[in-house]
Amino acid sequence: KTKVFTSSEQLVCRYFITILIMISVAKWNGLQLFGYKKDINLISVRVIIGLVIQVMNYLAITLTNPSDLIAIIHSSIIFMALLSRLVFNEKLSVVHIISIFVSIIGVFLIAKPKFLFGLEIEQIFNIDENSKFKENIGYLLSGTVAFLYAIAKIVIKKLAHQNIHFSIHIF
């Protein structure tokens, strides 16, 4: 019987080969893989935030409806706009501000958190305190993932001005 790689094993092999190629190209072009000593802190922050995002995202998926989760996580654009104003002093125009408010309203309309919209009739009789608590924790984790994702993008933008290979930004 022939042994076949599972999809997870194929994915690991693909990523491993990709990173080897990226490192080879970076070395060939004379780029420093991890930048200068001053950049190590930003790279470390990016790595830690990325790891925390992945773990929290997994936990949120197990606790929350995936459609609500995606709506909340993609609200990270709101945090990115606000953080870019604070970190890079980028200008927020009236259009940006209106877009932020429309995005916030859209997230609440899609996710319909029960603490704002209440319960539907069929849910009143079929809900226990434990599942309501888990769902609220899932919403909290989703919002935290959105905020951390925005921070990660801000760190990547700061690193983009350094002489660091783009593969380090991604991973």
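A: Phenylalanine 79 is partly exposed, with a relative accessible area of 28%. On this scale, buried means under 20% relative accessible area, exposed means over 50%, and partly exposed lies in between (1.4 Å probe, protein chains only). The model is predicted: local features need pLDDT of at least 70, side-chain atom pairs count only at pLDDT 80 or more, and totals for chains, interfaces and linings use all residues. Residues are numbered from 1 along each chain as its sequence is written, and side-chain values use heavy atoms, with hydrogens and water left out.

Phenylalanine 79 sits in helix α4, residues 76-88. Helices here are DSSP runs of H or I with at least four residues, strands are E runs of at least two, and both are numbered from the N terminus. Neighbours within four places in sequence aside, phenylalanine 79 touches Gly143, Ala146, Phe147 and Ala150. Contact means heavy atoms within 4.5 Å. Leucine 148 is 69 residues away from phenylalanine 79 in sequence, yet their C-alpha atoms are 9.0 Å apart.

Now step to the two ends of α4. Serine 75 lies in the loop between α3 and α4. Serine 75 counts as buried, because its relative accessible area is 9%. Beyond four places in sequence, serine 75 contacts Val107 and Ala146. Ala146 is also on the contact list of phenylalanine 79. Asparagine 89 counts as exposed, because its relative accessibility is 59%. Asparagine 89 is not a glycine, but its phi is positive, at about 55°.

Next come the helices α3 and α5. Two packed helices are described by the angle between their axes and the distance between the axes. Helix α3 covers residues 66-73 and helix α5 covers residues 94-111; their axes come within 9 Å and cross at roughly 170°. The axes are lines fitted to C-alpha atoms, for helices over the stretch in contact, and angles run from 0 to 180 degrees between N-to-C directions. Helices α3 and α5 are therefore roughly antiparallel. The cut-offs: under 35 degrees is roughly parallel, over 145 roughly antiparallel, 65 to 115 roughly perpendicular, and the rest oblique. From α3, Ser67, Asp68, Ala71 and Ile72 meet Val107, Ile110 and Ala111 of α5. Val107 is also one of the contacts of serine 75.

Threonine 64 lies in the loop between α2 (40-63) and α3. Threonine 64 is buried, with a relative accessible area of 6%. Apart from neighbours within four places in sequence, threonine 64 contacts Leu69, Glu135, Gly138 and Tyr139.

Last, the whole chain. The protein chain holds 9 helices and 0 strands. Of its 171 residues, 29% count as buried. Take contacts between residues at least 6 apart in sequence: 80% of them join residues at least 24 apart. The pair of phenylalanine 79 and Phe147 is in contact. The chain exposes about 11,900 Å², and carbon and sulfur atoms supply 69% of that area. Such areas come from the Shrake-Rupley method with a 1.4 Å probe; for residues, only the protein chains shown count as cover.
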